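Here is my note on the model you asked about. Please read it with the structure open beside you.

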Amino acid sequence: MSNELLSPAEMSEADRLTIAAGPADGIGLMRRAGGAVAAEVLKRYPSAKHIHVLCGPGNNGGDGYVVARILAGSGVGTSVWASGAPRPKSDAALAAAECPIKPRPLSDFDAKPGSIVVDALYGAGLSKPLSGDAAKAIDTVTALSLPVVAVDLPSGVSGRSGDILGRAFRAEVTITFARKKPGHLLLPGRGQCGEIVLADIGIGDGIIAQLAVSTFENVPDLWLQEFPVPAVDAHKYKRGHVGVFSGGPSATGAARLSALAAARSGAGAVTVLSPGNAMQVNAMHLTSIMLREAGSLEEVQEFLMARHPGALVFGPGLGPKPKVGDFALQLIKALEEEARDEATANHASAMVLDADAITSLAHQPQALFEAARQPNAPALIVTPHEGEFGRLFPDIAGDKTMSKLDKARTAAARANAVIVYKGADTVIAAPDGKAAINSNGAPWLATAGSGDVLSGIIAGLLAQGMPPFEGTCAAVWLHAEAGSRFGPGLIAEDLPLALVPVLRELFDARMAVP
């Protein structure tokens with residue numbers, strides 16, 4: 001796999017392990033990295049008349065000196081601008097010594113329209129805001145609208161968090177090595193990277209495996225082997241049953257969106273659990289989705305005992321009221337008791353908490369966290385957007401030292417739940433510390449009801465037996481991919497049907513897996 005995301009510290013360790021294993025040494029890796037960047041520059045800008053290479057004093061700058069040497073050797077007009085001298089006898093110093101172009105001070109940086117800039121100032125490990133000559137260079141490049149090729153990560157972007165530290169280059173293309181970093185995918189850094197090219201410089205999969213990486217890019221390779229394939233003799237209940245709770249008569253649409261999405265994602269049976277006063281409204285709009293009156297806990301328990309659903313969706317359209325939170329806790333307890341009493345595993349093994357459920361539970365978060373830790377509690381998947389996350393985890397949300405990835409991980413551990421911290425850079429985190437960052441989102445998904453559809457897809461996949469983390473990751477990717485392919489004009493009602501071609505491709509890919 002190449003979907004691991006390496007923190008700056010993990011990338012440094014990968015370099016160290018590779019050098020220790022031999023035969024490559026530090027300058028050898030640097031030459032390969034610089035060579036990969038130079039090749040990309042020559043391929044993309046074959047008519048470039050002049051290229052400015054901006055070099056920092058560290059390894060990123062060392063890569064830049066290699067780039068400059070190769071470009072100059074290829075007959076391209078090349079200038080080198082340095083923010084400081086490399087440390088004596090370092091790999092970067094060796095690379096600088098091999099470069100025939102005398103560097104000029106970055107403070108004197110000057111460029112003309114039509115030139116190209118290679119940003120090799122600072123890589124993913126930057127931890128303090130850019131200022132001084134580097135910030136001035138960014139302003140100059142921005143004012144002239146010069147194309148930028150970034151080495152590893154645009155200078156000014158944190159590889160750990162994706163934050164912009166003061167100012168940052170906006171690159172047309174970013175060439176990184178071995179694996180991507182969280183800063184390539186987390187906003188706002190992702191918006192500065194342009195196209196991301198992953199270059200192989202000889203850091204093998206075996207080296208990456210030694211790092212025990214727990215952060216991943218959310219792509220099908222991460223979960224495809226767990227993707228459900230119906231058995232030849234499957235009937236509807238073998239394919240998984242999902243229960244979706246409906247709001248009152250004027251708030252039923254959200255539940256129906258979730259229910260239809262659960263059905264489209266492969267669940268064999270889906271039931272909308274409706275209060276009595278909304279039965280008629282729901283009945284008018286449901287065809288393949290079943291409907292059952294369940295306005296009280298006793299009626300819900302009767303449904304659980306009779307149908308043993310594999311997953312439930314609770315929250316969309318229910319209203320942000322304390323009694324909704326109370327009911328959620330009672331429901332978790334009921335599921336826990338059923339699981340404890342059942343002789344088999346035929347009980348609701350997952351519960352998706354979304355929308356109004358999250359806001360309602362924010363009044364008593366500790367009760368939720370304690371309920372989630374009971375021995376037979378269902379797997380909880382909590383899907384907050386920015387505002388809901390802040391209501392349920394106010395201290396975590398307000399911690400400015402933490403990245404979105406850190407916050408999702410911390411929340412998942414506290415809540416003993418899979419957290420889907422939604423946004424254009426959705427992060428999915430599990431209680432054991434595993435996390436994935438989604439990278440195929442699109443602005444078309446920012447539409448009312450889109451989150452209700454996502455909850456239904458999650459429940460549908462989990463009801464078919466996917467593990468909570470992998471199933472949730474798959475649902476987030478599916479949801480985003482369907483929205484991206486549909487494009488402009490998307491409304492939530494379009495999403496369930498838009499899933500069909502994506503599901504077909506995933507099914508075919510899954511069948512091809514040995």
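1. **Ground rules.** This is a predicted model, in which local features need pLDDT of at least 70 and side-chain atom pairs count only at pLDDT 80 or more, while totals for chains, interfaces and linings use all residues. Residues are numbered from 1 along each chain as its sequence is written, and side-chain values use heavy atoms, with hydrogens and water left out.

2. **Confidence.** pLDDT is the predictor's confidence in each residue, from 0 to 100. The protein chain has a mean pLDDT of 95. In that chain, 98% of residues reach 70 or more. Helices (H or I, at least four residues) and strands (E, at least two) are DSSP runs, numbered from the N terminus. Among these elements, helix H12 (residues 322–341) has the lowest mean pLDDT, 91. Strand E16 (residues 427–429) has the highest, 99.

3. Two strands pair if DSSP finds at least two bridges between them.

4. **Strand E4 and its partners.** Five bridges join E1 to E4, and the two run parallel. Ile 51 stands opposite Ile 116 in E4. On to E5: three bridges join E4 to E5, again parallel. Here Asp 119 has Ala 150 in E5 as its bridge partner. E4 is mostly covered, with five of its five residues buried (under 20% relative accessible area; exposed is over 50%, partly exposed in between; 1.4 Å probe, protein chains only). Ile 116, Val 118 and Ala 120 point one way from E4. Val 117 and Asp 119 point the other way.

5. Strand E5 (residues 148–151) and strand E6 (residues 173–177) run parallel, joined by three bridges. Val 149 stands opposite Val 173 in E6. Axes are lines fitted to C-alpha atoms, for helices over the stretch in contact, and angles run from 0 to 180 degrees between N-to-C directions. Contact means heavy atoms within 4.5 Å.

6. **The ten-stranded sheet.** A second open sheet has ten strands and mixed pairing. The order is E8-E17-E16-E15-E14-E13-E12-E9-E10-E11. Strand E8 (215–217) and strand E11 (290–293) are the edge strands, and each pairs on one side only. Neighbouring strands of this sheet are turned by 20° against each other on average, direction ignored.

7. **Strand E15 and its surroundings.** Four bridges join strand E13 (residues 350–353) to E14, and the pair runs parallel. Val 352 has Ile 381 in E14 as its bridge partner. Strand E14 (residues 379–382) and E15 also run parallel, with two bridges. Ile 381 stands opposite Val 418 in E15. E15 and E16 run antiparallel and share three bridges. Val 420 has Ile 428 in E16 as its bridge partner. E15 and E16 form a hairpin with five residues between them. Gly 423 in the turn has a positive phi of about 150°. Both faces of strand E15 (residues 418–421) are covered: Val 418 and Val 420 on one side, Ile 419 and Tyr 421 on the other, all buried.

8. Helix H9 (residues 253–264) lies across strand E9 (241–245), strand E10 (269–274) and strand E12 (311–314). H9 runs at about 170° to E9.

9. **Helices H11 and H12.** Helix H11 (residues 297–307) packs against H12 at an angle of about 35°, with axes 11 Å apart. Leu 297, Val 300, Gln 301, Leu 304 and Met 305 are the H11 side of the contact. H12 brings Phe 327, Gln 330, Leu 331, Ala 334, Leu 335 and Glu 338.

10. **His 479.** This residue sits in helix H19 (residues 468–486). Is His 479 buried or exposed? His 479 counts as buried because its relative accessibility is 7%. Beyond neighbours within four places in sequence, His 479 is in contact with Leu 445, Ser 450, Val 453, Leu 454, Ile 457, Leu 495 and Leu 499.
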